[in-house]
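Student: I would like to learn how to read the features of a structure like this one. Please take them one at a time.

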Amino acid sequence: RESDHRAWTPVTYTVTRQNATIQGLIQGKAYFFRIAAENIIGMGPFTETTKEILIRDPITVPDRPEDLEVKTVTKNSVTLTWNPPKYNGGSDITMYVLESRLIGKDKFHKVTKEKMLDRKFTVEGLKEGDTYEFRVSACNIVGQGKPSFCTKPITCKDEIAPPTLDLDFRDKLIVRVGEAFSLTGRYSGKPAPKVTWLKDDVVVKEDDRIKIKTTPTTLCLGILKSVREDTGKYCVTVENSTGSRKGFCQVNVVDRPSPPIGPVIFDEVFKDHMIVSWKPPLDDGGSEITNYIIEKKDTHKDLWMPVTSATVKTTCKIPKLLEGREYQIRIYAENLYGISDPLISDEMKAKDRFRVPDAPEQPIIKDVTKDSAVVVWNKPYDGGKPITNYIVEKKETMATRWVKATKDPIFPGTKFKVPDLLEGCQYEFRVSAENEIGVGDPSPPSKPIFARDPIAKPSPPVNPEAIDKTKNSVDLSWQPPRHDGNGKIIGYLIEYQKVGDEEWKQANLTPDSCPETNYKVTGLTEGLTYKFRVKAVNAAGESDPAHVPDPVEVKDRLEPPELILDANMAREQHVKAGDTLRLSAVIKGVPFPKVTWKKEDHEVSPKADIEVTGIGSKLEIRNTVHEDGGMYSLTVENPAGSKTVSVKVVVLDKPGPPRNLKISDVRCDSCYLTWMEPEDDGGSVITNYVVERKDVASAQWVAISSSSKKRSHMAKYLMEGTQYLFRVAAENQYGRGPYVETLKPIKAIDPLHPPGPPKNLHHVDVDKTEVSLVWNRPDRDGGAEITGYLVEYQEDGADEWTKFQTVPMLDCVVTGL
């Protein structure tokens with residue numbers, strides 16, 4: 001029974017021995033057991049265990065500890081760590097025993113103190129330069145287990161490691177004045193490195209604001225309540241006997257700028273505005289000046305009024321002043337971090353000294369061309385200061401914005417040729433005068449003018465001629481006039497006159513109805529003869545007429561068909577299968593001929609696209625196949641005649657399958673294949689044949705020849721008794737055609753012949769109705785094992801032999817005689 005239960009559970013079997021194995025117990029639980037003896041009379045009293053028994057595996061010593069590692073080595077100590085054993089032997093580890101052995105000695109010596117359970121230990125008191133190896137064992141209540149694997153031999157000497165430096169700050173740091181900042185990081189190295197802080201190559205010293213803190217692994221420079229003078233390039237150096245590492249940080253302590261430098265200079269003074277200037281601050285606060293804030297104050301009032309806060313220049317125009325009043329100006333500098341104290345000017349009265357020039361009178365425009373005009377004006381009053389420049393402006397009359405005619409100064413002349421006008425546009429012009437005070441008002445605008453050359457009537461059109469005719473129309477063509485009179489040709493007027501009449505009739509009423517150099521005159525009477533003439537028209541008027549040289553009789557014109565072949569029909573056309581076949585020709589004839597395409601005197605394939613236009617025809621077949629090859633013909637026909645051209649089209653493709661594949665001369669290791677060339681070579685010479693074989697039990701075809709130009713092949717190296725299939729394909733430059741395959745497999749065996757005659761046939765016994773015969777094997781079996789012997793008999797004097805039976809052995813008893 002379990003120790004915490006009262007009920008007893010019988011074990012499932014009865015034993016006759018004085019011992020028993022009890023199974024099915026739960027590990028970690030405690031049990032009581034009892035035993036009773038039994039005979040045929042009955043069961044005796046139970047004997048019970050005195051105390052509970054805990055079920056667990058038998059306890060052994062622990063396994064060896066794992067991962068014994070050397071962590072640090074100095075000249076007189078070694079620090080080691082390890083992990084516990086994978087199995088503690090069934091009992092908790094009570095302590096670890098660390099042992100060392102001096103290399104060259106045989107014995108290990110214990111170095112740990114009693115009852116040490118830590119898995120880290122520093123062995124001290126070692127001798128510099130000696131070499132040791134170490135091992136560790138685990139102990140439980142049973143005893144000490146196996147030692148771990150030994151460390152590698154370790155020589156006692158100080159470790160050397162070059163310094164490392166890991167910084168927490170970036171290359172640049174911006175700090176506001178009054179704020180604290182710190183530069184921190186981590187470092188390492190053996191022996192312990194020396195840490196030095198520099199600012200602009202000068203050693204940093206601690207004071208009330210500057211604090212330096214260094215631990216064995218960390219470093220820190222902290223500055224409280226930073227000032228502008230803390231700006232600089234900071235450098236931390238970590239150095240030991242093996243080398244050094246440096247880290248840098250450019251610290252910029254920023255503040256609002258100092259005031260601009262005075263005095264404020266009044267460069268120009270007028271009745272309604274002033275221009276002042278000043279110098280930038282000595283200290284920009286560590287950040288670029290973003291703008292200046294300028295304010296003005298009437299000395300009769302206490303109120304400062306803003307002028308601008310958007311200027312970055314050190315000069316400013318102070319506008320909107322009252323004439324005769326005295327003003328003060330104050331100026332602030334601003335950067336990203338604030339606004340400086342102000343610079344305040346002396347008092348200055350607003351009054352004019354000089355003024356800008358007066359406006360010139362209305363200018364006069366001369367010498368107008370299609371892209372330029374000359375503007376002429378008179379000099380105005382200069383305002384007390386000499387005129388230094390004139391500004392000429394132009395404007396299209398429908399526009400609202402005036403544009404300067406040139407960026408260059410115009411002086412001292414009072415006329416200017418304005419370039420870059422747009423032909424046909426209408427322009428106005430005005431002029432302003434400028435002195436050192438400024439630019440005066442502009443003159444009144446000039447009278448508007450059109451930008452165009454002076455126009456004359458054009459010369460007559462050139463070479464008018466009749467180029468075509470029908471029974472009620474004539475097509476005329478000509479060339480433009482040699483001279484357009486400096487005006488755009490609006491169009492042409494066409495006139496005609498019946499021969500014998502005096503009156504010319506207009507074919508078109510307005511010139512813009514014929515802007516091109518050709519025209520079809522319609523509504524004429526068939527059979528009559530007409531004269532024609534053409535006039536050119538521009539804005540100045542009509543030119544003199546140009547006459548068609550000869551009168552024209554109005555009737556239908558007949559021209560027999562004519563074919564002008566494109567390159568794709570000039571010779572035999574080769575097209576690769578899958579590409580597009582294109583045949584085309586230019587067609588002429590009046591009236592336009594009827595177009596017919598044929599292939600071998602039949603209709604062309606429905607997949608052919610045929611296009612007929614007023615100037616020619618085109619046949620196109622996409623994704624050509626071999627069957628698209630053949631002789632194509634194009635026929636054109638009208639009442640004046642017909643014409644036909646032909647072109648042979650060859651569609652180049654892979655060849656067809658070889659024909660009549662035959663197998664002969666079969667042997668146990670070879671056979672002979674023959675075939676005929678394909679019916680269709682694909683339009684290209686067959687370059688070679690590919691021969692392959694396959695064991696009928698295999699799925700894989702094996703190539704046995706791929707370069708043969710002959711139509712036969714001896715297939716060698718067959719396996720005797722194996723059944724084979726063969727296949728052959730033809731190849732040309734466009735690829736490999738389909739295979740032709742043997743219809744049934746052939747077996748690789750030598751040919752069979754009938755065996756020779758049995759030898760020495762004689763009888764060995766005779767009865768009245770039967771004869772016992774024996775004989776010997778024949779000399780040859782014909783290439784295969786003999787399967788039996790056919791026995792026949794013949795009655796003496798008869799012609800026919802009678803079959804008795806076939807026997808497998810060399811004897812037979814013939815019965816029924």
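Student: What should I know about the model before I start?

Tutor: This is a predicted model, in which local features need pLDDT of at least 70, side-chain atom pairs count only at pLDDT 80 or more, and totals for chains, interfaces and linings use all residues. Residues are numbered from 1 along each chain as its sequence is written, and side-chain values use heavy atoms, with hydrogens and water left out.

Student: How are the strands defined, and which strand is the bridge partner of strand 3?

Tutor: Strands (E, at least two residues) and helices (H or I, at least four residues) are DSSP runs, numbered from the N terminus. Two strands pair if DSSP finds at least two bridges between them. Here strand 2 (residues 34-38) is joined to strand 3 by four bridges, and the two run antiparallel. Within that pairing, Ile35 has Thr47 of strand 3 as its bridge partner. Strands 2 and 3 form a hairpin with four residues between them, and Gly42 in the turn has a positive phi of about 155 degrees.

Student: Is strand 3 largely in the open or largely enclosed?

Tutor: Burial is judged by relative accessible area: buried means under 20%, exposed over 50%, and partly exposed in between (1.4 Å probe, protein chains only). Strand 3 (residues 43-48) has six residues and the number buried is zero, so strand 3 lies largely in the open.

Student: And what about strand 6?

Tutor: Strand 6 (residues 78-83) has five of its six residues buried, so it is largely enclosed by the rest of the structure. Thr72 has Thr79 in strand 6 as its bridge partner. Strand 6 also runs antiparallel to strand 9 (residues 120-123), joined by four bridges; there Leu80 is partnered by Phe121.

Student: In what order do the five strands of the open sheet lie?

Tutor: The order is 13-20-19-15-16, and the pairing is mixed. The edge strands, each pairing on one side only, are strand 13 (172-176) and strand 16 (202-203). Strand 13 pairs with strand 20 (residues 243-254) in the parallel sense, over five bridges. Arg176 stands opposite Val254 in strand 20.

Student: Where is Asp230 found, and is Asp230 buried or exposed?

Tutor: Asp230 is in the loop between strand 18 (218-223) and strand 19 (232-240). Its relative accessibility is 5%, so Asp230 counts as buried. A polar contact is a pair of N or O atoms within 3.5 Å; within protein, one must be able to donate a hydrogen and the other to accept it, and residues adjacent in sequence count only if both atoms are side-chain atoms. The side chains of Asp230 and Arg209 make such a contact at 2.9 Å.

Student: Which residues make the nonpolar surface patch?

Tutor: Patches are made of residues with over 30% relative accessible area and no salt bridge; nonpolar side chains (Val, Leu, Ile, Met, Phe, Trp, Tyr) are joined within 5 Å, and like charges within 9 Å. A salt bridge is a side-chain nitrogen of Lys or Arg within 4 Å of a carboxyl oxygen of Asp or Glu. Accessible areas come from the Shrake-Rupley method with a 1.4 Å probe, and for residues only the protein chains shown count as cover. Val61, Ile141 and Val142 make a patch of about 260 Å². Val142 is in the loop between strand 10 (131-139) and strand 11 (154-155), and Val142 is partly exposed at 44% relative accessible area.

Student: Where is Asn463 found?

Tutor: Asn463 is in strand 38 (residues 462-469). Phi of Asn463 is near 50 degrees, a positive value in a residue other than glycine. Asn463 counts as exposed, at 52% relative accessibility.

Student: Which residues does UniProt list for "domain: Ig-like"?

Tutor: The unreviewed UniProt entry lists residues 163-252 and 561-646. UniProt positions are given in the numbering used here, feature names are shortened, and annotations may be inferred rather than shown by experiment. In the model, residues 163-252 are 0% helix and 64% strand, with end C-alpha atoms 28 Å apart. Residues 561-646 are 0% helix and 60% strand, with end C-alpha atoms 16 Å apart.
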